[in-house]
Amino acid sequence: MDVSSAVRFAGAVRALSRAARALGLAVPGFRSPPRLPGVDRTLRRRADGSVSVAVRLRGRPWPAVLADLVEGVVAANRLGGVEADRVRAALWGAVGDQVDDQAGEAAARGVGGPERRLVPVPQPGDVPQPGDVPPRRPRSPTVDAPARVA
């Protein structure tokens, strides 16, 4: 695990832990990498009731790592249904800025493909440029036409 991914991992864990405590949930321990080879996330329940979530960082996109951390909190608390969805939304709210930060860093480096490019929003009075899609013309009123007989 390189230093930047370790720092991001620690920051995400802190943010998720604060959010989980605020929701009244048990906060699992987090580590990386999982002990089992070939898996992205493991969950270990101990006899004393504590839970440990291990997530693989190396070779994975950061949003996938965040998703495993969020799901680890949900699974550690044995949540399901509507309650799990509510908790997921709150936890993603706690780490959502980290996803945006990564996208911004990638765009600054020129990484991320066409979906990462910023497109200027047209303003009133802008002059159309070649290649712009013309606005749709309003439809003419429908004329009463004879009904078709089948």
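Begin by selecting Arg78, the residue that follows helix α2 and whose phi is positive, near 55°; bear in mind throughout that this is a predicted model.

Next, select Asn77, which lies in the loop between α2 and α3, the latter covering residues 81–109. Is Asn77 buried or exposed? With a relative accessibility of 18%, Asn77 counts as buried, because the cut-off for that word is under 20%.

Now step back to helix α2 itself, residues 62–76. Colour the buried residues of α2, among them Trp62, Val65, Leu66, Leu69, Val73 and Ala76.

From there, move to the sheet, where three strands are arranged in the order β1-β3-β2, forming an open sheet with mixed pairing. Strands β1 (29–31) and β2 (41–45) stand at the edges, and each has a single partner strand, so one side of each is left without a neighbour in the sheet. On average, and with direction ignored, neighbouring strands here are turned by 20° against each other.

Select β2 together with β3, residues 51–55, to see an antiparallel pair joined by five bridges; within this pair, Arg44 has Ser52 of β3 as its bridge partner. Finally, show α2 and the sheet together: the helix packs on the sheet, touching β1, β2 and β3, and its direction makes about 25° with that of β2.

Methods. Residues numbered from 1 in each chain as written. Predicted model: local features only at pLDDT ≥ 70, side-chain atom pairs only at ≥ 80, totals over all residues. Heavy atoms only, no water. Pairing = 2+ DSSP bridges. Helix = DSSP H or I, 4+ residues; strand = E, 2+ residues; numbered from the N terminus. Axes fitted to C-alpha atoms, helices over the stretch in contact; angles between N-to-C directions. Contact = heavy atoms within 4.5 Å. Buried < 20%, exposed > 50% of the residue type's maximum accessible area, 1.4 Å probe, protein only.
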